[in-house]
Amino acid sequence: MEKIVDIGFETIHLGHGSGGELTRNLLDKIIFKTFSNPFLDQKHDGSIVEFNEKIAISTDSFVITPIFFKGGDIGSLAVHGTVNDVAMCGAIPKYLSLAFIIEEGLKVSDFIKIVQSIKKAADESGVLIITGDTKVVERGKGDKIFINTTGFGEMHSKANISIQNILENDVIIVNSFIAQHGMAIMSDREGLEFETTIKSDSTNLNYLVKDLLDEFGNNIKMFRDPTRGGLGTVLHEIANDISKGVFIKETDIPIEKQVAAACEMLGLDPLYVANEGVFLTIVSKEIASEVLQLMRNHSKGKNAAIIGFVTNNHPKKVVMESSIGGKRIVSPLVGEQLPRIC
Amino acid sequence: MKYLAEYRNLEETKKVLDEIHNITKHEWNIMEICGGQTHGLVKNGILELLPEKVRMIHGPGCPVCVTPLNLIDKAIDLLEKGVIVCSFGDMIRVPGSKKSLLEAKALGGDLRILYSPLEAVAVAKENPTKEVVFFAVGFETTAPANALSVLHAEKEGVTNYSILASHVLVPPAMEAILDDEFCTIDAFLGAGHVCAIMGTEEYEPLVTKYKIPIVVTGFEPLDLVQGIYMAVKQLEENRFELENQYARVVKKEGNVAAKNVINQVFEIGTREWRGIGEIPNSGYVIKSKYKNYDAEAKFNISHIKVPENSSCIAGEILRGIKKPAECAQFGKACNPSNPLGAPMVSSEGACAAYYHFSII
């Protein structure tokens, strides 16, 4: 990526949000230079794009401390988060809008790092940044930088994602290890040093989703990415939405040993810890092993696992069989998980 | 994960469960003192795998649940007066008489959630013009670190630091439960973490006086079923002894260095337990030598006294007289989003365990 030098200022100040020359400076020297593409280069109020089919739109705001963490930063997260949300609809993400709210005093070198990280993540995800906005707020009225992205994607021609399609005995599959992102953020935020470094799993999932839709079409009944609230909360939402029960086995849920140990140490339940590179899909029993195989052959699904199934027993509840064969309910997360006394 | 994975072994756990079924002839009520053990039992679905004749009664061993309402209001009062209040995470959602610490934070209070009281001393050093108070609650387990923070502040010459202490002790609580006229407890599982600090010696007089088995037990599924097995075996054989299932962590004499730190800063005194009331000699109070580090003495907050919510039966839950589901408010007026009492909000509370994990 081209190095951005000699921009003439070291920190963002209120003038950069004024809409005048300084704003233009910030946009020209950093934003337009980084994201240059035919839509953005028109420097219009917005962009006009073409879609042939139904489109999926998703928006998300990213507010995170610290803004740089092991395995990513707020920039790549803002791309992956929205790209994945569009993909979870069964669409192929194509365009992103990008809006910054920057706190006065942010180092320009940090801003450039974030912008370049956005560019890299967008390129890797196959999406273009086509419109955006920049505001600067007074020191103390923001938390370094907030980012909003809105994603636009064309629906996959074979996609028919609908909870109405989910039946008893359908199988629930996750693509990867859970709880990595939340534990990476927590260890960075709290300055906790674990024996092995835990990295965020922030990544784009759209290519794996597309492969699954190409191969299995409308037999894929649901995609959902358990970001905040974790796997437990999303499973609970699904059980509620479909008015059926969900049964999972604790020992089948993929989790890295070091992440499990860190959760253990802090008294956190990995089922409720945030993810960024994880999604779950619900498919009929007949194709479950083929779906699993396709996922395991893909770089974003190497650790995929079948974790449970849909049942007509205990409607609207998630029941988990524990490692020793006991059963318990998985309830939704209330508030934030908090570190315990002992 | 050494010492954890092997204590989650399915086959081993099943073997011990089978043994419990084999040896149980009579009906027994066993109380696990510690909230961590309550959660272990419910979260792993152990209660349903036990014989019907073995009933687990959940004890008062949740540090958050037994912290008196008065003290939460005192912490909130300090926060509202501009003091930086530092706390472990699970205290901040517990309702005081009008609001929780979390709600007081949203209204502008400077509340810091920390992992260690030593971090609070660092906060005091970074904010020399402000007073910093650590909300020091817990059983014997957290007392050494809280005492150490006082010694550390003294050594560093930090004068704007103090602790709002509410340390309670397990053996006097067990005695209070056994003296209760409604007590039906036949045996205890002792709290492994507490015994790791204090050792097992102080339980021997209880075993002798009340002729009751006490098995010091850990927290993993295999720990818990082994502890229950050892307790049931004693009961069926008409024995009453102090046994240690958690020998990989707990020594008879405990952690001598930790006990020394506690004894430097604290002395035994009367403490109020939420839902239970005052129990003589049931907790630690700060020695007069360290009164400059005692937030109760330093700030004018001793007048703050408030009654408990009358519709909450936390006291009966904590004494094992009633189970969470026997409360008329359980899961209705009282739930984790709107808790009436601490056992529903604390991560170790019995009501929260039942609400979150069990199939009711």
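Q: Which residues lie nearest the centre of the largest cavity?
A: The largest cavity is lined by 14 residues, and those nearest its centre are B:C312, B:I313, B:C327, B:C334 and B:C351. Helices α13 (314-318) and α14 (342-345) of chain B each supply at least two residues of this lining. The model is a predicted one, in which local features need pLDDT of at least 70 and side-chain atom pairs pLDDT 80 or more, while totals for chains, interfaces and linings use all residues. Residues are numbered from 1 along each chain as its sequence is written, chains are lettered from A and ligands numbered from 1 in the order in which they are written, and side-chain values use heavy atoms, leaving out hydrogens and water.

Q: By class, what does the lining of the largest cavity have?
A: The lining of the largest cavity has 12 nonpolar, two polar and no charged residues. For the second largest cavity, the lining has eight nonpolar, three polar and one charged residues. Here Ala, Val, Leu, Ile, Met, Phe, Trp, Tyr, Cys and Pro count as nonpolar, Asp, Glu, Lys and Arg as charged, and the others as polar.

Q: Why is B:V54 called buried?
A: Buried means under 20% relative accessible area, exposed over 50%, and partly exposed in between (1.4 Å probe, protein chains only). B:V54 has 5% relative accessibility, so it counts as buried. This residue sits in strand β2 (residues 54-61) of chain B. Apart from neighbours within four places in sequence, B:V54 is in contact (heavy atoms within 4.5 Å) with B:I20, B:T24, B:W28, B:I30, B:I228 and B:V232. With B:W28, 26 residues apart along the chain, the C-alpha separation is 5.0 Å.

Q: How do you know that the buried residues of α11(B) line one face of the helix?
A: Helix α11 (residues 256-265) of chain B has the buried residues B:A258, B:K259, B:V261, B:I262 and B:V265. Seen down the helix axis, they fall within an arc of 160 degrees, so they line one face of α11(B). These residues pack against α6 (143-156), α8 (192-198), β10 (266-273) and β11 (277-286) of chain B.

Q: Is B:K211 buried or exposed?
A: B:K211 is exposed, because its relative accessible area is 56%. B:K211 is not a glycine, yet has a positive phi of about 50 degrees. Its place is the loop between α9 (204-210) and β8 (214-217) of chain B.

Q: What makes A:S243 partly exposed?
A: Its relative accessible area of 41% makes A:S243 partly exposed. Although A:S243 is not a glycine, it has a positive phi of about 55 degrees. A:S243 lies in the loop between α6 (230-242) and β9 (245-249) of chain A.

Q: Which residues does a cis peptide bond join?
A: The bond joins A:T65 and A:P66, with omega about 0 degrees. A:P66 is in the loop between β1 (55-62) and β2 (68-69) of chain A. Helices (H or I, at least four residues) and strands (E, at least two) are DSSP runs numbered from the N terminus.

Conventions: Arc of directions from axis to C-beta. 1 Å grid on protein atoms, 1.4 Å probe; cavity = no way out; pocket = protein on both sides within 12 Å on 5 of 7 lines; lining within 4 Å.
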